[in-house]
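Trainee: I would like to go through the labels used for this model and see what each one rests on.
Mentor: Go ahead, one label at a time.

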Amino acid sequence: MSVVLAGAGARGAYEAGMLATLLPELDAAGQRPRTFVGTSAGSLNAVLFASLAHLPAQQAADEALKIWRGITKNEVFKPFLSTALPGILLQYVSGLVNPSAQPLSAFLDTSPLKTMLKNKVDWNQLHANMLSGEVQAVAVATTACSSGRTEVFVEGPAAARLPLTDVDRAVDYTQAVLNEDHVLASASIPGAFPPVRIDTARGWYMDGSVRLNAPIKPAISLGAKRVVVIATTPLRHLPRSRGRDEPAPSVMDVVAQITTGLMTDRMVEDTRTLGKVDELLKAGAKKVSPLGREYSIIEYVFGGPVPGQLDQLNEAATYVLDTHFRGTRRLTNPDLTMLATLLGPGHSRGELLSYLFFEPEFIDRAIKLGQRDAQIILDEAGDDPSNLWRSDAD
């Protein structure tokens with residue numbers, strides 16, 4: 001069984017909450033994941049849960065949530081106003097004097113995130129879990145800056161038989177001994193976080209979500225026959241009522257729409273395709289593609305928000321901002337105050353904020369939402385764990 005974790009920024013706390021609820025129940029039914037594949041914040045969850053795979057499932061879940069609840073903004077990026085803003089001004093002045101000056105690579109300094117990843121993930125235990133065979137593979141999806149292709153770094157016994165390059169999806173596979181740089185690169189949100197150089201690969205890399213937000217295909221290519229897909233957006237998007245006097249969309253509203261499309265559309269398409277291929281195989285379709293690739297039925301569990309509740313994490317971010325960051329507390333957090341001002345009162349406010357809202361109150365609320373939605377999935381399955389698994393496109 002493989003776990004696939006989509007990109008999400010601070011919303012990764014939701015994924016952790018959902019996974020921490022599902023995995024103990026799956027383990028009790030004799031289903032324990034052996035492969036973890038992630039993109040962006042999903043890559044953090046992938047290495048985190050894989051590093052805890054030697055523990056009993058419930059203990060591993062508790063440990064993962066404890067680590068997430070300990071993450072703060074200052075452990076992800078340095079204060080914008082005191083570090084990034086002066087750098088932007090210096091870059092502007094340098095550009096006026098010397099047009100060939102090195103361009104700005106990002107608005108935020110994520111050196112604290114590298115330190116946090118190094119200290120909070122037990123990398124030695126991660127490697128030991130793969131050496132022992134407890135985990136067959138951990139894969140981290142990035143985007144290679146030089147080519148624009150997805151590059152998946154893989155560690156574990158399964159890495160000895162790396163999948164061939166996927167020419168249809170522009171996905172390359174590289175065997176690696178994973179460390180904090182691979183995760184940092186996978187989570188480097190374009191523009192916000194700087195690209196990361198991975199010396200062993202001799203190149204620069206950025207967020208894997210640019211090309212592959214939910215790495216379902218790599219999980220299957222690594223041998224998965226059952227897949228648990230965890231995302232922070234639903235698999236279906238129900239129609240929404242439209243107001244009569246909507247204001248013109250702001251720049252942030254447009255950015256939010258692009259971000260949602262980037263994070264959602266390909267993930268939904270890939271999950272639907274997985275179900276459609278399963279249906280065709282059940283109906284007697286050929287099991288070998290024209291290129292000679294063998295098809296097989298892949299059962300899956302999709303974990304995400306309930307359809308019709310697309311804005312739950314957005315609303316949670318807005319609620320936490322308006323409830324917990326008022327008065328003097330907002331004044332003592334100038335970065336958050338500036339971000340809230342830039343986002344304005346539009347409907348995109350909570351959505352964009354939720355990706356960077358590494359504050360304990362939002363993290364805890366996101367975890368609880370993930371736990372709640374996971375419990376809905378378990379309740380729908382009833383007493384028979386086999387009801388969790390799907391092999392259709394509905």
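Trainee: Are Phe357 and Phe362 buried or exposed?
Mentor: Phe357 and Phe362 are both buried. Bear in mind throughout that this is a predicted model.

Trainee: How many aromatic pairs does the structure hold?
Mentor: The structure holds three aromatic pairs. One of them joins Phe77 and Phe193, with 6.2 Å centre to centre and 50 degrees between the planes.

Trainee: What makes the pair of Phe77 and Phe193 tilted?
Mentor: Stacked needs planes under 30 degrees apart and edge-to-face needs over 60. The planes of Phe77 and Phe193 are at 50 degrees, so the pair falls into the remaining class, tilted. The centre distance of 6.2 Å is also within the 6.5 Å limit for a pair.

Trainee: Which parts of the chain does that pair link?
Mentor: Distant ones, 116 residues apart. Phe77 is in the loop between α3 and α4, and Phe193 is in the loop between α7 and β6. Both Phe77 and Phe193 are buried.

Trainee: Why is the pair of Phe357 and Phe362 called stacked?
Mentor: The planes of Phe357 and Phe362 are 20 degrees apart, which is under 30, so the pair counts as stacked. The centres are 5.5 Å apart, within the 6.5 Å limit.

Trainee: What lies over the face of Tyr355?
Mentor: Arg11, at 4.6 Å from the ring centre.

Trainee: Why is helix α2 said to be largely enclosed by the rest of the structure?
Mentor: Because 11 of the 11 residues of α2, residues 41-51, are buried. They include Ala41, Leu44, Asn45, Phe49 and Ser51.

Trainee: How do you know that Ser51 is buried?
Mentor: Buried means under 20% relative accessible area. Ser51 has 2%, so it is buried. Ser51 is found in helix α2, and beyond its neighbours within four places in sequence it is in contact with Val121, Asp122, Gln125, Leu126 and Asn129.

Trainee: Why are α2 and α6 called roughly perpendicular?
Mentor: The two helices pack at an angle of about 70 degrees, with their axes 8 Å apart. Angles of 65 to 115 degrees count as roughly perpendicular, therefore α2 and α6 get that label.

Trainee: Which residues meet where α2 and α6 pack?
Mentor: Val47, Ala50 and Ser51 in α2 meet Trp123, Gln125, Leu126 and Asn129 in α6. By class, this contact has four nonpolar, three polar and no charged residues.

Trainee: Which value of phi does Ala170 have?
Mentor: A positive one, about 55 degrees, and Ala170 is not a glycine either. Ala170 lies in the loop between β4 and β5. Its relative accessible area is 10%, under the 20% limit, so Ala170 is buried.

Trainee: Why does Asp172 count as buried?
Mentor: Asp172 has 18% relative accessibility, and the cut-off is under 20%, so it counts as buried. Asp172 lies in strand β5. Not counting residues up to four places away in sequence, it touches Arg149, Thr150, Glu151, Val152 and Thr165. Asp172 and Arg149 are 23 residues apart in sequence and 7.4 Å apart in space, C-alpha to C-alpha.

Trainee: What makes Leu222 buried?
Mentor: Its relative accessible area is 13%, under 20%, so Leu222 is buried. Leu222 lies in the loop between α8 and β8. Leaving aside neighbours within four places in sequence, its contacts include Thr35, Val37 and Val154. The C-alpha atoms of Leu222 and Val154 are separated by 9.4 Å, at 68 residues apart along the chain.

Trainee: How many residues of the chain are buried, as a percentage?
Mentor: Buried residues make up 50% of the 394 residues. The chain has 14 helices and nine strands. Among contacts between residues at least 6 apart in sequence, 74% join residues at least 24 apart.

Conventions:
Residues are numbered from 1 along each chain as its sequence is written. This is a predicted model: local features need pLDDT of at least 70, side-chain atom pairs count only at pLDDT 80 or more; totals for chains, interfaces and linings use all residues. Side-chain values use heavy atoms; hydrogens and water are left out. Buried means under 20% relative accessible area, exposed over 50%, partly exposed in between (1.4 Å probe, protein chains only). Helices (H or I, at least four residues) and strands (E, at least two) are DSSP runs, numbered from the N terminus. Rings of Phe, Tyr and Trp (its six-membered ring) pair if their centres lie within 6.5 Å; planes under 30 degrees apart count as stacked, over 60 as edge-to-face and the rest as tilted. A charge sits over a ring if NZ of Lys or CZ of Arg is within 6 Å of the ring centre and within 35 degrees of the ring normal. Axes are lines fitted to C-alpha atoms, for helices over the stretch in contact, and angles run from 0 to 180 degrees between N-to-C directions. Angles under 35 degrees count as roughly parallel, over 145 as roughly antiparallel, 65 to 115 as roughly perpendicular and the rest as oblique. Contact means heavy atoms within 4.5 Å. Ala, Val, Leu, Ile, Met, Phe, Trp, Tyr, Cys and Pro count as nonpolar, Asp, Glu, Lys and Arg as charged, and the others, Gly among them, as polar.
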